[in-house]
Amino acid sequence: MSTEGLTTSAYIKHHLQNLTCSIQEGHFHCAHTAEEAKAMGFWAFNIDTLLVSLLLGLIFLFLFSKVAKHISTDVPSGMQNFVEWVVEFIDGSVRGSFTGRSALVAPLALSIFAWIFLMNLMDLVPIDYISLITQPMGIGHFKLVPTTDPNATIGMAIGVFLLVLFYSIKVKGLGGFIGELTLQPFGKFGLPVNLFLEGVNLIAKPVSLALRLFGNMYAGEMIFILIALMGASWVSFSFTNTLLFSSQIFLSLGWAIFHILIVTLQAFIFMTLTIVYLDMAHQEHH
Amino acid sequence: MNINATLIGQTIMFALFVWFCMKFVWPPIMAALDARNKRIADGLAAAERGKNDLALAAKRSAELLREAKEKVSEIIALGDKRASEIVEEAKAQAKIEGDRIITAAKAEVEQEVFRAKEQLRTQVSAIALAGAGKILGREIDAKAHNDLLDKLVAEI
């Protein structure tokens, strides 16, 4: 905890800052402060988010495709057992919530669940450990948890939203989809009201997906940072400092154990809502 | 915490991961799971069939055993019957043989009696002749009185 010369608010800000980089005037440049990152505008990339999520996605796909390649119908063992357990769990969830038949929904649900679970799991890595690696490399900011970056969650929610639009139009036709947006619940004479209500209904899907996940993980991360601050206030050996330091250990342990639940739960909620939204897109309701 | 092009990258990554998962991960695993389910179902069905076969075989063997027992007791009964028949036959034959022997013996005895009677008759006639001769005191001409004597013998 290199907090010397660092105020509490600077410590918190430091941990909430992504590694934002963009190409400016022909050369690659990374922001050092939040203001600088903001000034980069839209065409900048949070390298840490992209890198970590890419890595975690590859780990998931590597493990699962390795098992899928050598899968046998004999008595499963080890890794195959685990993979089959996960797959059967996802398959059960999809069968429970999705009434149509689709080759996409189940693997989509598996990808979402595994990927978000792994990204959330990064929250359990002690927050200052990553800087032990990145600091010597000259990288100032590095957020290890991609799901505490709204870009990541919004990005995935956009993906789901596009699928919802695609299947709505594919199943009901463009006219059917527009009709669903405009002709209910109040018939054709209440068209503006209908459009407003159904539009909000439609837009609420990706927004709720993205913000629920982001909010939960961001808040969890924030509490980890605050807990970490307790021990960071250590200056000299005194009763208060010792008390704070030991509370940090117990609090972070307790919060981490509780967080295991949140990590899994948020991944599961994102997956289930995706399945439900796609199910709604497949159905001609009302 | 700015919204920037990261979300485009994230969306593309998301799409690629889902595509890969849909293409190379999910189908083989699901196929294997289905295949195993089928194998287990087949195995259970085969076990059930085997059990039925076993029960059937047990029933059949019990039936065979029962049949064999019946046959054996039948054969034994037949044997018993035949044995008693043979004994009866032997008895009957023995009786016939005995009767035959008895009749033969009787005939012989009768013959013997007849012969003895004949002998006695001749002897009696001789004795009577001798007695009569003695009584008359004279020689009886055997030749002259032979008719008389023969009559006498016939009378005895």
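Biologist: Which residues of the largest nonpolar core touch the most other members?

Modeller: The model is predicted. In its largest nonpolar core, of 67 residues, those that touch the most other members are A:A109, A:L110, A:I112, A:F113, A:W115, A:I116 and B:I29.

Biologist: What makes this set a nonpolar core?

Modeller: The criterion asks for buried residues of nonpolar kinds, joined through C-beta atoms within 7 Å. Elements that give two or more residues to this core are α3, α4, α5, α7, α8 (191–232) and α9 (239–282) of chain A, together with α1 (6–136) of chain B. With 13 residues, α5(A) gives the most.

Biologist: Why is α5(A) described as largely enclosed by the rest of the structure?

Modeller: A residue is buried if 20 or more other C-beta atoms lie within 10 Å of its own. In α5(A), 16 of the 17 residues are buried, so this helix is largely enclosed by the rest of the structure. For chain A as a whole, buried residues make up 33% of 286.

Biologist: How do you know that the reach of α5(A) is close to the expected one?

Modeller: The expected span is 1.5 Å times one less than the number of residues. For the 17 residues of α5(A) that gives 24 Å, and the helix reaches 24 Å from its first C-alpha to its last.

Biologist: With which residues is A:L110 in contact, leaving aside its neighbours within four places in sequence?

Modeller: A:L110 is in contact with A:V87, A:I90, B:C21 and B:W26. The term requires C-beta atoms, placed from the backbone, within 7 Å.

Biologist: How many residues of each chain are in contact with the other?

Modeller: On chain A there are 41 residues in contact with 28 residues of chain B. The largest share of the chain A side, 9 residues, comes from α3(A). By class, that side has 26 nonpolar, 11 polar and 4 charged residues.

Biologist: Why are β2 and β3 of chain A said to stand at the edges?

Modeller: The open sheet of 3 strands has the order β2-β1-β3 in chain A. β2 (27–30) and β3 each have a single partner strand, so one side of each is left without a neighbour in the sheet.

Biologist: What else does chain A contain besides its 3 strands?

Modeller: Chain A has 9 helices. From the N terminus on, its elements run α-β-β-α-β-α-α-α-α-α-α-α.

Methods: Residues numbered from 1 in each chain as written. Chains lettered and ligands numbered in written order. Predicted model: local features only at pLDDT ≥ 70, side-chain atom pairs only at ≥ 80, totals over all residues. Contact = placed C-beta atoms within 7 Å. Helix = DSSP H or I, 4+ residues; strand = E, 2+ residues; numbered from the N terminus. Nonpolar A, V, L, I, M, F, W, Y, C, P; charged D, E, K, R; others polar. Buried ≥ 20, exposed ≤ 12 C-beta atoms within 10 Å, placed from the backbone. Pairing = 2+ DSSP bridges.
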